[in-house]
Amino acid sequence: MTALPALRDATDADSEPLAALIAATFAEYPNCWFDWSEFPELRRPASHYAEKGGRLWVADGPDGRIAGSIAVVPVPDQNAVELFKVYADPSQRGSGLAQALFARALAFAEAGGYGEMMLWSDSKFARGHRFYEKLGFVRWPGERYLADISSTWEYHFRKPLAPTQT
């Protein structure tokens, strides 16, 4: 069995490799296009999430590319954290990498005492939706339209967290 890539805090220097991971993921789906102008946060990815009180983690692949990513941002008025940039290279899917990345985000949420996790996901990403549901996320009613280059519709997922024992 191959060991999982090590997880680390992202840096702003991860801009291009992170964009490449996202663009490659989008390319797997019909009419799903990556355009830099729609992702200004990728110019300074670590700083972007840090400025919001969050974190971004990545996993380095053996070939120097980023093999996976996940970001988390607190949403205090909802006692929740929101997940962003949940991506895994196709070669890493099913390896446990996505679960390891999710565990980092979950630890962040639990350490902050948040009661819920949430995310929005492109309606085309059915495989990701099954992964989220396996982790205990529930799809909420309603969708949102992004009016982006891909005419994206997104589904909303939420996961309640167990109260922290004191």
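Q: Before we look at anything, what does it take for two strands to pair?

A: Two strands pair if DSSP finds at least two bridges between them. The strands themselves are DSSP runs (E, at least two residues), helices are runs of H or I with at least four, and both are numbered from the N terminus. Strands of a sheet pair through backbone hydrogen bonds, either parallel or antiparallel. Here, S1 and S2 pair in the antiparallel sense over three bridges, and Asp9 stands opposite Trp57 in S2.

Q: What should I know about the model itself?

A: It's a predicted model, where local features need pLDDT of at least 70 and side-chain atom pairs count only at pLDDT 80 or more, while totals for chains, interfaces and linings use all residues. Residues are numbered from 1 along each chain as its sequence is written, and side-chain values use heavy atoms, with hydrogens and water left out.

Q: What is the order of the strands in the open sheet?

A: Read across the seven strands and you get S1-S2-S3-S4-S5-S7-S6, with mixed pairing. Strand S1 (7–9) and strand S6 (138–145) stand at the edges with a single partner strand each, so one side of each has no neighbour in the sheet. On average, neighbouring strands are turned by 25° against each other, direction ignored.

Q: How many bridges join S2 and S3?

A: Six, and the pairing is antiparallel. Asp60 stands opposite Ile66 in S3. The hairpin of these two strands has five residues between them, and there Gly64 takes a positive phi near 90°.

Q: Which strands does H3 touch?

A: Contact means heavy atoms within 4.5 Å. H3 packs on the sheet and touches S1, S2, S3 (66–75), S4 (80–88), S5 (116–122) and S7 (153–160). Its direction makes about 20° with that of S3. For such angles, axes are lines fitted to C-alpha atoms, for helices over the stretch in contact, and the angles run from 0 to 180 degrees between N-to-C directions.

Q: How do I read a pair of aromatic rings, and how many pairs are there?

A: Rings of Phe, Tyr and Trp (its six-membered ring) pair if their centres lie within 6.5 Å; planes under 30 degrees apart count as stacked, over 60 as edge-to-face and the rest as tilted. The count comes to 14 aromatic pairs. Take Phe34 and Phe39: their centres are 5.0 Å apart and their planes at 10°, so that pair is stacked. Trp57 and Phe108, by contrast, are edge-to-face, at 6.4 Å centre to centre with 75° between the planes. Trp57 lies in strand S2 (55–60) and Phe108 in helix H3 (97–111), so this pair ties together parts 51 residues apart in sequence.

Q: Where does the charged end of Arg43 sit?

A: Over the ring of Trp36, 3.9 Å from its centre. The rule asks for NZ of Lys or CZ of Arg within 6 Å of the ring centre and within 35 degrees of the ring normal. Arg139 lies over the face of Tyr155 at 3.4 Å from the ring centre. As for Trp36, it belongs to one aromatic cluster whose members include Phe26, Tyr29 and Phe125.
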